[in-house]
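Here is a short briefing for a reader who is new to this structure. Have the sequence and the 3D view at hand while reading.

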Amino acid sequence: MITDPIADMLTRIRNASLVKKQVVDIPSSRLKEKILNIMKREGFINNFKKIEQKPQGILRIFLLYTPEGHPYVLGSKRISRPGRRVYISKEKVKKVYNGYGMAILTTSKGVLTDKEAKELGVGGEVLCHIW
């Protein structure tokens, strides 16, 4: 049993990109889909699709690499964990790696990046940093 599915997803993506895999499969959930939508929109992954399968389903993630073969996802860090939740107010939302990375937050407006949360003036739970 996995106690932190978001950390598991980030680790699978990071490990697969380090060994230059094109595709990685993870168990599906709505929160993971929202995080992957943000990663796709921000250019960290190429695409993903949901494969319906009993009992949970699978998310197939297509990783993205530069023409030189370097992965776009260089690293990731889980910030708020099940044992220690981390919340920030709208004033404390900061850039990750001087704007080269992004933070993903769950807010009252939905799952947002740090830039979107700052524009909307909302804070929330910081799920992870990706660079």
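The model is predicted.

- The crossing of H1 past H2 is right-handed.
- On the H1 side, the contact is made by Pro5, Ile6, Met9 and Ile13. On the H2 side, the partners are Leu31, Lys32, Ile35, Leu36 and Met39.
- Eight residues of this contact are nonpolar, one is charged and none is polar.

**The three-stranded sheet**

- An open sheet is built from three strands in the order S1-S3-S2. Its pairing is antiparallel.
- The edges are strand S1 (23–27) and strand S2 (45–51). Each of these edge strands pairs on one side only.
- On average, neighbouring strands of this sheet are turned by 20 degrees against each other, with direction ignored.
- Strand S3 spans residues 58–63 and is joined to S2 by six bridges. S2 and S3 run antiparallel.
- Which residue is the bridge partner of Phe48 in S3? The partner is Ile61.
- Strands of a sheet pair through backbone hydrogen bonds, in a parallel or an antiparallel way.

**Helices across the sheet**

- H1 lies across S1 and S3. H1 runs at about 165 degrees to S1.
- H2 lies across S1, S2 and S3. The angle of H2 to S2 is about 155 degrees.

- Strand S6 (residues 102–107) pairs with strand S7 (residues 110–113). The pairing is antiparallel and has four bridges.
- Leu105 has Leu112 in S7 as its bridge partner.

**The aromatic pair**

- How many aromatic pairs does the structure hold? There is one.
- The pair is formed by Tyr97 and Trp131, with ring centres 4.7 Å apart. The ring planes are at 40 degrees, so the pair counts as tilted.
- Tyr97 sits in the loop between strand S5 (87–88) and S6. Trp131 sits in the segment after strand S8 (124–130).
- The pair therefore ties together parts that are 34 residues apart in sequence.

**Backbone details**

- The peptide bond from Lys54 to Pro55 is cis. Its omega is near -5 degrees.
- Pro55 is placed in the loop between S2 and S3.
- Lys20 is not a glycine, yet its phi is positive, at about 65 degrees.
- Where is Lys20 found? Lys20 is in the loop between H1 and S1.

Methods
Residues numbered from 1 in each chain as written. Predicted model: local features only at pLDDT ≥ 70, side-chain atom pairs only at ≥ 80, totals over all residues. Heavy atoms only, no water. Left-handed = near helix turned anticlockwise from the far one by under 90°. Helix = DSSP H or I, 4+ residues; strand = E, 2+ residues; numbered from the N terminus. Contact = heavy atoms within 4.5 Å. Nonpolar A, V, L, I, M, F, W, Y, C, P; charged D, E, K, R; others polar. Pairing = 2+ DSSP bridges. Axes fitted to C-alpha atoms, helices over the stretch in contact; angles between N-to-C directions. Phe/Tyr/Trp six-rings, centres within 6.5 Å; stacked < 30°, edge-to-face > 60°.
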